[in-house]
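Let's take a walk through a protein chain together. Have the sequence and the 3D view ready, and take your time finding each piece as we reach it.

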Amino acid sequence: MSNRWRAAGIKLLLFLLCLLPFLYLLWDAFNGNLGANPVEALTHRSGDWTLRMLLVTLAVTPLRRTTGYSLLRHRRMLGLFSFFYAVVHLTIYVWIDQVFLWDEIVEDIIKRSYITVGFTALMILLPLAVTSTRGMQRRLGKRWKSLHKGAYIAAALGCLHFLWLTRADTLEPYIYIAVFVVLMLLRLKREQIPGFLRR
Amino acid sequence: MLIKKPDHIKFSEITTQSDYLRRRDFLKKGLYAFAGLGLSGIAEALVKAPGKNPAIANLADAGFSVDEDLTPYDLVTSYNNYYEFGTGKSDPVENSKAFESRPWHVVVDGECEEPGEIDIEDILTGITQEERIYRLRCVEAWSMVVPWVGFPLSTLLKRFKPTAKAKYVSFETLHDAERMPGQKRAVLDWPYREGLRIDEAMHPLTILATGLYGELLPNQNGAPLRLVVPWKYGFKSIKGIVRIRFSEEQPQATWNMNNPREYGFYSNVNPRVEHPRWSQKYHRVIGGGIFSSKVKTEMFNGYADEVASLYTGMDLRKNF
């Protein structure tokens with residue numbers, strides 16, 4: 001099989017894989033499988049997948065570095081899926097959870113720090129999604145690369161959002177934080193690592 | 001969409017115990033008067049038992065009810081905060097299946113004349129258990145309506161003759177990580193502790209529950225004995241009680257110890273005092289489905305007529 005066909009196949013497979021959690025969520029919603037508090041389930045599951053997709057996107061470079069396997073040409077799609085799940089998450093919050101109680105929504109964004117950071121993360125992802133096309137990449141040149149470093153900040157804020165909303169059992173958010181930190185460390189170039197830590 | 005606003009039931013509108021005990025006379029008189037009228041509507045005053053647990057015999061309908069619909073049994077027993085069996089909402093029902101709630105003893109001590117250890121069966125001897133349909137408002141901004149079975153806490157407390165020094169009552173949940181696997185992790189400072197001021201504890205709305213929906217409490221709902229204080233956030237209604245203590249000083253309370261900024265000792269339902277991380281003005285009714293609107297939270301969870309006088313002169317923003 002030619003390389004081009006193989007790449008197209010991988011892309012389709014990745015696309016379907018990334019879409020699967022969303023389809024599964026819709027399936028559960030329509031079949032009443034979301035338990036006693038379906039709104040909470042929708043919110044939590046869409047939030048979980050936003051964070052997971054962001055971390056998967058940030059894993060592309062470390063994966064290539066450690067294994068040599070490159071998903072670089074599919075990174076745009078992974079990033080756009082992160083944004084997609086973030087928008088789903090926000091939509092569920094605004095429409096289904098708060099039912100357009102704008103006063104409450106504004107108050108939440110201003111006063112509740114976990115919502116402030118979550119909303120900030122989404123605001124960071126928005127221009128990244130808009131400038132994700134090849135044309136924008138070309139037009140922005142060097143600035144494109146620094147702009148898209150915002151993905152790191154969005155993921156960090158996403159982790160913080162999860163940690164800060166947790167009442168007592170912080171094990172799960174700390175697992176996400178640990179994965180994020182490992183992915184960040186794996187990105188460091190040799191010269192960025194302090195001498196005493198270098199092998 | 002129609003959002004039902006709960007009516008405030010004044011205490012005076014609730015059937016008194018003596019009227020309740022004469023209810024059959026009342027019915028008989030009614031029957032003579034309307035010989036053809038069926039009894040069905042009245043005889044079914046008690047909630048229908050789902051047949052999942054042993055039924056509680058000789059149950060009295062004490063006339064405590066609310067206008068909102070009951071939360072279905074399946075939801076009441078599958079969506080629980082009971083960290084002793086795990087921190088997820090569906091953990092308690094899964095992880096409490098093997099839990100044995102008998103035999104069970106409760107130690108009662110502190111500032112009382114007759115401290116001692118009492119068996120659950122002795123607690124229930126000579127007590128008429130009542131059905132009490134109460135609203136339950138969780139601090140996480142969701143709510144249920146639960147038909148509890150139980151009896152006033154004051155009935156039990158009086159048996160131990162609290163002294164004049166008994167200003168507070170505290171409670172502890174069983175601490176046994178073998179039986180309560182959630183305690184293997186130090187998510188909270190075990191055992192779970194809660195406390196009430198003595199007047200709150202003696203209030204007629206405050207009950208010890210042994211069942212719901214006419215049957216024994218499922219393990220995930222706090223079997224065999226739990227507190228229910230309907231005007232306070234749900235976490236005050238401590239489950240699986242093994243110890244009750246009278247004290248002069250304000251006792252420790254688990255969530256208050258865990259995060260005093262977010263969870264006060266009183267923790268009365270109060271839409272005007274927000275949780276630092278979310279608003280308490282609205283809540284979601286469990287069982288309403290995906291597209292149900294949020295409902296406005298009432299002061300003292302709609303029990304202001306009955307309990308507001310307990311807090312006269314207190315700044316409820318400070319004493320939240």
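A strand, as the word is used here, is a run of at least two residues that DSSP labels E, and strands are numbered from the N terminus. With that in hand, find Glu172(B), which sits in strand S6 of chain B. Please keep in mind that you are looking at a predicted model.

Chain B contains 10 helices and 13 strands. Of its 320 residues, 42% are buried. Now consider contacts in chain B between residues at least 6 apart in sequence: 71% of these join residues at least 24 apart.

Back to our starting residue. Is Glu172(B) buried or exposed? Glu172(B) counts as buried because 23 other C-beta atoms lie within 10 Å, and the cut-off for being buried is 20 or more. Setting aside its neighbours within four places in sequence, Glu172(B) has contacts with Pro191(B), Arg193(B), Val242(B) and Arg243(B).

Which strand pairs with S6(B)? Strand S6, residues 168-173 of chain B, pairs with S11(B) in the antiparallel sense, over 6 bridges. To see one of these pairings, find Ser170(B), whose bridge partner in S11(B) is Arg245(B). S11(B), which covers residues 241-247, is also joined to strand S2, residues 105-110 of chain B, by 4 bridges, and here the two strands run parallel. In that pairing, Val107(B) stands opposite Arg243(B), and Arg243(B) is also one of the contacts of Glu172(B). As you trace these strands, remember that in a regular strand the side chains alternate between the two faces of the sheet.

Our next stop is strand S8, residues 207-212 of chain B. Why can S8(B) be called largely enclosed by the rest of the structure? The reason is that 6 of its 6 residues are buried.

Now look at the partners of S8(B). Strand S5, residues 142-152, pairs with S8(B) in the antiparallel sense over 5 bridges, and Trp148(B) has Leu212(B) as its bridge partner. Strand S10, residues 226-228, is antiparallel to S8(B) too, with 3 bridges; there, Ile207(B) is partnered by Val228(B). Finally, 2 bridges join S8(B) to strand S9, residues 215-216, again antiparallel, and Leu212(B) has Glu215(B) as its bridge partner in S9(B). S8(B) and S9(B) form a hairpin with 2 residues between them, and in the turn Tyr213(B) has a positive phi of about 50 degrees.

How values were computed
Residues numbered from 1 in each chain as written. Chains lettered and ligands numbered in written order. Predicted model: local features only at pLDDT ≥ 70, side-chain atom pairs only at ≥ 80, totals over all residues. Pairing = 2+ DSSP bridges. Buried ≥ 20, exposed ≤ 12 C-beta atoms within 10 Å, placed from the backbone. Contact = placed C-beta atoms within 7 Å.
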